[in-house]
Amino acid sequence: MSDHTVGQWPVKQPVRLASVPAPAAAEPVPVAPPVVVPVPEVRLVVTVDLTGHYDRSSEVDEDLREQTCASVDCHTAIVRLGEEALRRGFGLGQAIASRFFLSAKRIEVHVPAGTRWAFVASDVQQHLRIMTADHERMLNSLRTPGG
């Protein structure tokens, strides 16, 4: 027996270990940029339907008032006009403009094709200009001078 015990130093015949390269670092997983999902734009559109049967101008006015009495601010107001509403509705352009000039950013007037009622849209536009100018004058008169 030798006076050397297992696990004791110095070892007379050391075991040579072959050098082994270090394990390669795991390649980082490419991170894709976050997907940006566009948020769809939501616009509130109010539709008024005046295509029913009307015998008098007051019925057209009443129907317009009923359909718009609980109106809220909206992006677009669409007013569909039928032949009878156009024939019997007196001052329809002014009535439509007054209902939506402060609550809608856009007003569309739909009339039956092939009719002579296309001027109603320009009538609404004219009344909108007048009402907007009047509203601006009122606001300017309420502002404090010099402020």
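This is a predicted model: local features need pLDDT of at least 70, side-chain atom pairs count only at pLDDT 80 or more; totals for chains, interfaces and linings use all residues.

Trainee: What elements make up the chain, and in which order do they run?

Mentor: The chain has four helices and three strands. From the N terminus on, their order is β-α-β-α-α-β-α.

Trainee: How much of the chain is buried?

Mentor: Of the 147 residues in the chain, 22% are buried. The accessible surface comes to about 11500 Å², and carbon and sulfur atoms account for 58% of that surface.

Trainee: What share of the contacts joins residues at least 24 apart in sequence?

Mentor: The share is 76%, counted among contacts between residues at least 6 apart in sequence.

Trainee: How do you know that the length of helix α1 agrees with its number of residues?

Mentor: Helix α1 covers residues 57-68, which is twelve residues. The expected span takes 1.5 Å times one less than the number of residues, so α1 should span 16 Å. Its end C-alpha atoms are 17 Å apart, and the two values therefore agree.

Trainee: Which residues of α1 are buried, and what puts them on the same side of the helix?

Mentor: The buried residues of α1 are Val60, Asp63, Leu64 and Thr68. They cover an arc of only 115 degrees around the axis, so they lie on the same side of α1. These buried residues pack against β1 (45-50), α2 (83-88) and α3 (92-100).

Trainee: Which residues have the most contacts inside the largest nonpolar core?

Mentor: That core has 23 residues, and those with the most contacts inside it are Leu50, Val79, Leu81, Ile96, Phe100 and Val120. Among the elements that give two or more residues to this core are β3 (104-110) and α4 (119-142). The element that gives the most is α3, with five residues.

Trainee: What does Phe100 touch, leaving aside residues up to four places away in sequence?

Mentor: Phe100 touches Val46, Val48, Thr68, Ser71, Ala77, Val79 and Ile107.

Trainee: Why is Arg80 called partly exposed?

Mentor: The relative accessible area of Arg80 is 37%. Buried requires under 20% and exposed requires over 50%, so Arg80, at 37%, is partly exposed.

Trainee: Where does Arg80 lie, and what does Arg80 touch?

Mentor: Arg80 belongs to strand β2, residues 74-81. Beyond residues up to four places away in sequence, Arg80 touches Thr47, Val48, Asp49, Leu50, Thr51 and His110. Pro112 is 32 residues from Arg80 in sequence, with 8.6 Å between their C-alpha atoms.

How values were computed: Residues are numbered from 1 along each chain as its sequence is written. Side-chain values use heavy atoms; hydrogens and water are left out. Buried means under 20% relative accessible area, exposed over 50%, partly exposed in between (1.4 Å probe, protein chains only). Contact means heavy atoms within 4.5 Å. The arc is that of the directions from the helix axis to the C-beta atoms. Accessible areas come from the Shrake-Rupley method with a 1.4 Å probe; for residues, only the protein chains shown count as cover. A nonpolar core is a set of buried Ala, Val, Leu, Ile, Met, Phe, Trp, Tyr and Cys residues joined through side-chain atoms within 4.5 Å.
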